[in-house]
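Here is a friendly walk through one protein chain, written for reading beside the model. Keep the structure open and follow along.

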Amino acid sequence: QVHIVESGGGLVQPGGSLRLSCAASGSIFRVYTMGWYRQAPGKQRELVALILDSGSTNYADSVKGRFTISRDNAKNTVYLQMNSLKPEDTAVYYCNAAVVTVLPSRGNYWGQGTQVTVSS
């Protein structure tokens, strides 16, 4: 079984910063792509940023230059540093991990989400 746990959300003023963390644990053999998605009220879930196990990254145009995704492969953890936050960044942020377990089996696993609210 695989568990994905996010942390670091909260309330921040426009222009402020937050750092999200996401740790994958359980019967893991290897974690491949890890990513952050977000879903605002009344909108579909959208990709924010992805990072491969090689370190290659991909960002949504709306966050380029403001957000940075990174990972610690030894800890199966991914981070999202969010700077210059805007009210339109307000959403529930979800972590996703592509995992091969020790069984072995492959799967995409989601965390429970963490709320980010940008407001004055």
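## Hairpins and salt bridges

Strand 5 and strand 6 form a hairpin with 5 residues between them, and Gly55 in the turn has a positive phi of about 105°. Helices (H or I, at least four residues) and strands (E, at least two) are DSSP runs, numbered from the N terminus.

Before going further, a word on the source: this is a predicted model, in which local features need pLDDT of at least 70, side-chain atom pairs count only at pLDDT 80 or more, and totals for chains, interfaces and linings use all residues. Residues are numbered from 1 along each chain as its sequence is written, and side-chain values use heavy atoms, with hydrogens and water left out.

Back to the strands. Two of them pair if DSSP finds at least two bridges between them. Strand 5 and strand 6 (residues 57-59) are antiparallel, with 3 bridges, and Ala49 has Tyr59 as its bridge partner in strand 6. Strand 5 (residues 46-51) also runs antiparallel to strand 4, joined by 5 bridges; here Ala49 stands opposite Trp36. The hairpin of strand 4 and strand 5 has 6 residues between the strands, and Gly42 there takes a positive phi near 80°.

Now to the charged side chains. A salt bridge is a side-chain nitrogen of Lys or Arg within 4 Å of a carboxyl oxygen of Asp or Glu. The whole structure holds 5 salt bridges, including these:

| Salt bridge | Closest N and O atoms |
|---|---|
| Glu46 and Arg38 | 2.7 Å |
| Arg38 and Asp89 | 2.9 Å |
| Asp61 and Lys64 | 3.1 Å |

Arg38 and Asp89 are both buried, with Arg38 at 5% relative accessibility. Glu46 is partly exposed at 37%, whereas Asp61 is exposed at 64%. Through shared partners, salt bridges join Arg38, Glu46, Arg66 and Asp89 into one network.

One last stop is Ala24, in strand 3 (residues 18-26). Which residues does Ala24 contact, leaving aside its neighbours within four places in sequence? They are His3, Ile4, Val31, Lys75 and Asn76, where contact means heavy atoms within 4.5 Å. Ala24 is buried, with a relative accessible area of 6%.

Notes:
Buried < 20%, exposed > 50% of the residue type's maximum accessible area, 1.4 Å probe, protein only.
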